[in-house]
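Colleague: Hi! I'm new to this one, could you walk me through it?

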2 protein chains.
Amino acid sequence: MEGLPSGPARIADVAALAGVGVATVSRVLNGHASVRPVTRQRVLEAIDVLDYRPSALARNLSLGRAHAIGVVVPFFTSASAVERIRGVVTGLAGSPYDLALFDVESEERRMRAFRLFDRGDRADGLLAISVIPPANEAARMRKARLPVVLVDAPYDDLPTVLIDDVAGGELATRHLVELGHRRIAFVGDKPRDDFRFAASRDRTRGYELELERAGIEVRREFVREGTLSRHVARSIALELLRLGEPPTAIFAASDTQALGVLEAARELGKRVPEELSVVGFDDVELAAYAGLTTVRQPLFESGLRGAQLLLQVLEGEELGAYTELLPVELVARSTTGPPP
Amino acid sequence: MEGLPSGPARIADVAALAGVGVATVSRVLNGHASVRPVTRQRVLEAIDVLDYRPSALARNLSLGRAHAIGVVVPFFTSASAVERIRGVVTGLAGSPYDLALFDVESEERRMRAFRLFDRGDRADGLLAISVIPPANEAARMRKARLPVVLVDAPYDDLPTVLIDDVAGGELATRHLVELGHRRIAFVGDKPRDDFRFAASRDRTRGYELELERAGIEVRREFVREGTLSRHVARSIALELLRLGEPPTAIFAASDTQALGVLEAARELGKRVPEELSVVGFDDVELAAYAGLTTVRQPLFESGLRGAQLLLQVLEGEELGAYTELLPVELVARSTTGPPP
DNA sequence: TCCGTATTTGGAACCGGTTTCAACCCCCTC
DNA sequence: GAGGGGGTTGAAACCGGTTCCAAATACGGA
């Protein structure tokens, strides 16, 4: 019938077919008033005939807004990250923003992720979970007026949602002290890469504070750092349990590691909790199944709050360096008891 | 020193500072040859001074490519979806494409997600996981030449990665039949919404086929459909176990549901596997912990293959209606045994 | 030294929208 | 019937890049 327009219809095609200018089509699309009903009708028909749909890309460039918020998160497939993201998704559900997710598994990918967003035209806001933006990128984002909110990572200048890890360490340790334990070991993780926030460090601090408070000496040989993996935690626990004077309780900085500790105990024939008490951190789904005593941190809620804060900033609210500290809670199950 | 350029530097600013045209700056940025080293140096210095970084948005519009691939997935926080996405992330790791994730929790959000992509300028390719694109959107995407690959959802026209659910149903059922069971019940899920692909249906089919093959009658009262939740599966199992002639084995269409069945058994004091055998489907992490016998489906690999196929299509390869069927595997643990 | 050709370079068009601004039309009032 | 005002409308500038094309420059050989 006519020359093939090849690709999808453009706004100019609609305008031509409707016999109006592109400005009018744009007005109809965006619901601006001041278009005569007759004209509007003609435009709508043309849109329908051509099966036209505006290009989000062009629209975004023109508007200078991306209609998306970026989420940067390391190892997003870990149980705790997924739970946080679930919160983010929920928080963003009603908003007009889409979600662009960036998994970050290395220092290099971290740079790439932040670089992608720092100009501010890729996303209207940024949510960084468990990662600390490099200083230069942070500066750039500030210059681009890109709203940023951090979750589970401390930062001086930016709105932040934090979990009270120190209190969590204290809580776990106090629980064990109150049960009568004196020889309490700690298994944490020391991230090799410096870009991830090490919640473990704060948990260690809580552990130490609480021991001091109880008048118990912090023994060097009882404080160990490995990686987040179950396997490594297992071998660390084996070492601990083979000490001349082994601990009667082990506090692990994550549930995953606590499960590794449980494995080690099983391997050595140590009964839990009769001969060894174990406390984890996180309260992932598996913890309930394993009957693990643990410190529950509000993962879902941290993501939810992060998203809500970001939306507030996007609404124009000025949050500055506002920090929100979410509380933790001890969940006593069946892996802790009095010392032998 | 000079008038504030307010926002981030643009390519024109760089060109002006370097005393060259924008075309030359663009050439330097994109590594095109035919720029004299002296000129290139001048441009690079200007870029450095202005701390310039090109706008991805404008670049994409100009190039007509988004440098991203879209992933649409319902309930992406479910354990199986996460595992699939992990595969996708892995498959995309080396590629130049970023990942835009769309969680879809309702029919309306499904429409929105596909609508977002169907013009082809938001993403260079689309990966639909466990969702079936609406027919009109599929047509539109074809017109826009947007490559699409489906994972865990059947479609006539498009490259697809499928799990052999029928074989999985057969496998689970055969395992129970071989142990000597004759009264085998099935607990599946019947999605209310019609947009999600119901893998459960195929598993039911495998269950029925295998029973017929073994010469066992398919009893109406033994085939139940609920939702995916553990809770609902639990109450269905309670009903089944309270029948005059209860089943000696229950095959659940997912591990989550199998865990609900186990709960029901515990509640009624039925010992597993002595008095009741239970088989699940998926082999999520929890299954290993619960000692659940289950059918392992290659979740991670399905995502990985989907990503790889999409990359192939993006390379220009023509796949058409190519379908890849991934095999399943029985993992026998401790919730199955001979009937009482 | 001069000319021809190969290499560099910048102006301008383009990607597909939004928005400003001035022109236009219509209708009402004096 | 002319003047004035408000509601509609379209041309053109703009968002920030890429790239075509033709002009300008560099360089080799005669």
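Modeller: Happy to! Helices (H or I, at least four residues) and strands (E, at least two) are DSSP runs, numbered from the N terminus. This is a predicted model, where local features need pLDDT of at least 70 and side-chain atom pairs count only at pLDDT 80 or more, while totals for chains, interfaces and linings use all residues. Residues are numbered from 1 along each chain as its sequence is written, with chains lettered from A and ligands numbered from 1 in the order in which they are written.

Colleague: Which elements supply the surface near DNA strand D?

Modeller: α2 (22-29) and α4 of chain A, plus α2 (22-29) and α4 (56-63) of chain B, each give at least two residues. "Near" asks for a C-beta atom, placed from the backbone, within 6 Å of the strand.

Colleague: And which residues come nearest to DNA strand D?

Modeller: Of the 27 residues around DNA strand D, those are G21(A), A23(A), I11(B), A23(B) and S26(B). By class, this surface has 13 nonpolar, 10 polar and 4 charged residues. Ala, Val, Leu, Ile, Met, Phe, Trp, Tyr, Cys and Pro count as nonpolar, Asp, Glu, Lys and Arg as charged, and the others, Gly among them, as polar.

Colleague: How many residues does each chain bring to the contact between A and B?

Modeller: Chain A brings 28 residues and chain B 27 residues, with contact meaning C-beta atoms, placed from the backbone, within 7 Å. On the chain A side, α4 (56-63), α5 (79-92), β2 (98-104) and α12 (285-290) each supply at least two residues. That side divides into 16 nonpolar, 3 polar and 9 charged residues.

Colleague: Switching topic: at what angle do α10 and α11 of chain B pack?

Modeller: Helix α10 (residues 230-241) and helix α11 (residues 255-267) of chain B pack at about 50 degrees, with axes 7 Å apart. Axes are lines fitted to C-alpha atoms, for helices over the stretch in contact, and angles run from 0 to 180 degrees between N-to-C directions. The two helices are therefore oblique to each other; angles under 35 degrees count as roughly parallel, over 145 as roughly antiparallel, 65 to 115 as roughly perpendicular and the rest as oblique.

Colleague: Last one: what's the strand order in the sheet of chain A?

Modeller: The order is β7-β6-β8-β9-β10-β12, an open sheet of 6 strands with mixed pairing. Strands pair if DSSP finds at least two bridges between them. At the edges, β7 (223-226) and β12 (329-331) of chain A each pair on one side only. Inside chain A, β9 (residues 277-282) and β10 (residues 293-296) pair in the parallel sense over 4 bridges.

How values were computed
Two residues are in contact if their C-beta atoms, placed from the backbone, lie within 7 Å.
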